[in-house]
Amino acid sequence: MTAPLRDIVPPDDAEAQAAFDDLIASDSRIEPRDWMPAAYRKTLIRQISQHAHSEIIGMQPEGNWISRAPSLKRKAILMAKVQDEAGHGLYLYSAAQTLGITRDEMTEQLIAGRARYSSIFNYPTPSWADMGAIGWLVDGAAICNQVPLCRASYGPYGRAMVRICKEESFHQRQGFEILLTLMQGTPAQREMAQDAVNRWYWPSLMMFGPPDDASPNSAQSTAWKIKRFSNDELRQRFIGMLVPQAEVLGVTLPDPELRWIEEEQRWHTSEIDWTEFHEVLAGRGPMNAVRLQNRRDAHENGAWVREAAAEYARKQAARVREVA
Ligand code: 3HC
């Protein structure tokens with residue numbers, strides 16, 4: 001457990017605020033023991049804990065295919081990938097803990113259904129091609145969103161993101177390669193790959209969050225240099241990355257209106273279904289209830305591991321005291 005590091009200097013201390021503002025203005029990092037405004041701390045706890053929960057819940061859609069992967073090699077790769085996601089969750093929970101929230105508090109918020117996690121993980125994975133589409137689209141979107149977070153103003157978050165992004169790049173390539181293999185296979189395999197792309201494309205665009213004019217947190221997070229680009233800017237960048245890759249794969253992006261507008265230097269798309277997005281956020285997506293129940297069950301079933309670890313730590317500490 002991390003001891004709370006709530007505002008070390010009272011927030012009305014103008015000098016401390018000025019020092020914080022200077023660090024932000026000079027693109028320096030804020031570290032755990034630096035004074036920071038309470039709202040900055042709260043925003044970081046919100047974003048980092050949501051991000052950590054996403055990594056942990058995000059293990060489920062792919063975990064679903066570990067026992068059914070089509071070969072030993074595919075199984076080993078998928079297992080490694082799902083383990084990476086667990087690791088990402090742990091780095092991020094640790095980063096959030098430096099802000100004064102405990103891991104237990106975050107876990108409790110998640111299993112009680114009071115915490116957000118990414119909308120994308122509330123969709124089902126009925127076919128093997130979903131493993132390809134998740135890697136290519138979901139991890140691809142994650143990279144677009146998360147590479148700028150390596151420069152986030154809060155040190156522990158930015159540093160955690162560096163390693164996470166390296167691993168996400170491998171995840172994206174493995175997804176691309178699964179789809180490429182399927183697209184070079186039989187007509188049924190090609191159809192399966194296209195079907196998965198059709199199902200994951202729009203939800204992956206929603207991962208970047210609401211449009212800029214409906215994003216309540218963006219302005220402040222950008223001023224604090226937590227966010228470096230807006231939701232819409234990153235969504236546009238992602239589409240630009242996908243278009244040439246879709247051509248290489250031979251899949252069609254399921255948007256008949258998708259085209260580049262040269263004069264405006266932007267991609268024109270059909271309207272994203274924001275009603276669907278808000279339904280998923282409200283807990284009414286296709287898999288919300290299942291994801292949360294699985295997480296609760298895993299937490300309850302793991303109680304004996306936590307108890308054993310705590311008992312082991314207690315005995316070790318007692319032994320050290322005896323020797324000393
Ligand atoms: N799913 C669920 N909630 C979302 C969301 C999404 N795709 N996009 C936005 N929201 C929520 C926000 O959390 C916020 O809710 P809150 O105020 O109650 O906390 C609300 O919608 C309004 O959105 P804003 O744009 O104002 O919120 P932010 O400024 O925080 O921007 C974000 C949203 C771009 C997701 C930002 O928080 C962010 O960059 N987070 C870090 C990255 C992250 O969490 N990614 C999740 C995916 S993890 C992953 O992809 C794992 C990998 O292995 C594939």
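**Close-up views of a predicted model**

Helix 2 (38-57), helix 6 (129-146), helix 7 (155-183) and helix 11 (274-284) each give at least two residues to the shell around the ligand. Keep in mind while you look that this is a predicted model.

**View 1. The shell of residues around the ligand.** Start by finding the ligand, which is surrounded by 32 residues. The closest are Gln 50, Glu 85, Ser 119, Ser 215 and Lys 227. Which helix supplies the largest share of this shell? That is helix 2, with six residues. What kinds of residues make up the shell? There are 13 nonpolar, twelve polar and seven charged residues.

View 2. Now look at individual atoms. On Lys 227, a polar side-chain atom lies 2.5 Å from an oxygen atom of the ligand. Ser 119 places a backbone N or O atom 2.8 Å from a ligand nitrogen atom. Met 206 also takes part through its backbone, with a polar atom 3.5 Å from a nitrogen atom of the ligand. How much of the ligand's accessible area does the protein cover? On its own the ligand has 1000 Å² of accessible area, and the protein covers 90% of that.

**View 3. The largest nonpolar core.** In soluble globular proteins, nonpolar side chains tend to be buried together. Here the largest nonpolar core has 80 residues. The residues with the most contacts inside this core are Tyr 40, Ile 48, Trp 136, Tyr 154, Tyr 157, Trp 200 and Leu 253. Pick out Tyr 157 and look past its neighbours within four places in sequence: Tyr 157 is in contact with Leu 44, Gln 47, Ile 48, His 51, Leu 92, Ala 95, Leu 149 and Ala 152.

**View 4. Ser 94, across from Tyr 157.** Ser 94 and Tyr 157 are 63 residues apart along the chain, yet their C-alpha atoms are separated by 9.2 Å. Is Ser 94 buried or partly exposed? Its relative accessible area is 41%, so Ser 94 is partly exposed.

**View 5. Lys 81, a buried lysine in helix 4.** Helix 4 also holds Lys 81. Why does Lys 81 count as buried? Buried means under 20% relative accessible area, and Lys 81 counts as buried because its relative accessibility is 0%. The side chain of Lys 81 makes a polar contact with the side chain of Glu 62, at 2.4 Å. Leaving aside neighbours within four places in sequence, Lys 81 is in contact with Glu 62, Ile 134, Gly 135, Asp 139, His 171 and Gln 174. For Lys 81 and Glu 168, 87 residues apart along the chain, the separation between C-alpha atoms is 8.9 Å.

**View 6. Gly 63 in helix 3.** Gly 63 is part of helix 3, which covers residues 59-63. With a relative accessible area of 31%, Gly 63 is partly exposed. Which distance separates Gly 63 from Gln 83 in space? Their C-alpha atoms are 9.5 Å apart, while 20 residues separate the two in sequence.

View 7. Most residues other than glycine have a negative phi. Asp 27, in contrast, has a positive phi of about 60 degrees although it is not a glycine. Asp 27 counts as partly exposed because its relative accessibility is 46%. Glu 31 counts as partly exposed too, at 24% relative accessibility. Beyond its neighbours within four places in sequence, Glu 31 is in contact with Met 36, Tyr 154, Gly 155, Pro 156 and Arg 159. Glu 31 and Leu 72 are 41 residues apart in sequence, and their C-alpha atoms are 44 Å apart in space.

**View 8. Gln 265, between two strands.** Where does Gln 265 lie? Look in the loop between strand 1 (259-261) and strand 2 (266-268). Gln 265 has a positive phi, near 50 degrees, and is a residue other than glycine.

**View 9. Gln 194 in helix 8.** Helix 8 (residues 187-206) is the place of Gln 194. At 19% relative accessibility, Gln 194 counts as buried, since the cut-off for buried is under 20%. Leaving aside neighbours within four places in sequence, Gln 194 is in contact with Val 251 and Thr 252.

Key. Residues numbered from 1 in each chain as written. Predicted model: local features only at pLDDT ≥ 70, side-chain atom pairs only at ≥ 80, totals over all residues. Heavy atoms only, no water. Near = heavy atom within 4 Å. Polar contact = N/O pair within 3.5 Å; in protein donor to acceptor, adjacent residues only side chain to side chain. Areas by Shrake-Rupley, 256 points an atom, 1.4 Å probe, with all protein chains shown as cover. Helix = DSSP H or I, 4+ residues; strand = E, 2+ residues; numbered from the N terminus. Nonpolar A, V, L, I, M, F, W, Y, C, P; charged D, E, K, R; others polar. Core = buried A, V, L, I, M, F, W, Y, C linked by side-chain atoms within 4.5 Å. Buried < 20%, exposed > 50% of the residue type's maximum accessible area, 1.4 Å probe, protein only. Contact = heavy atoms within 4.5 Å.
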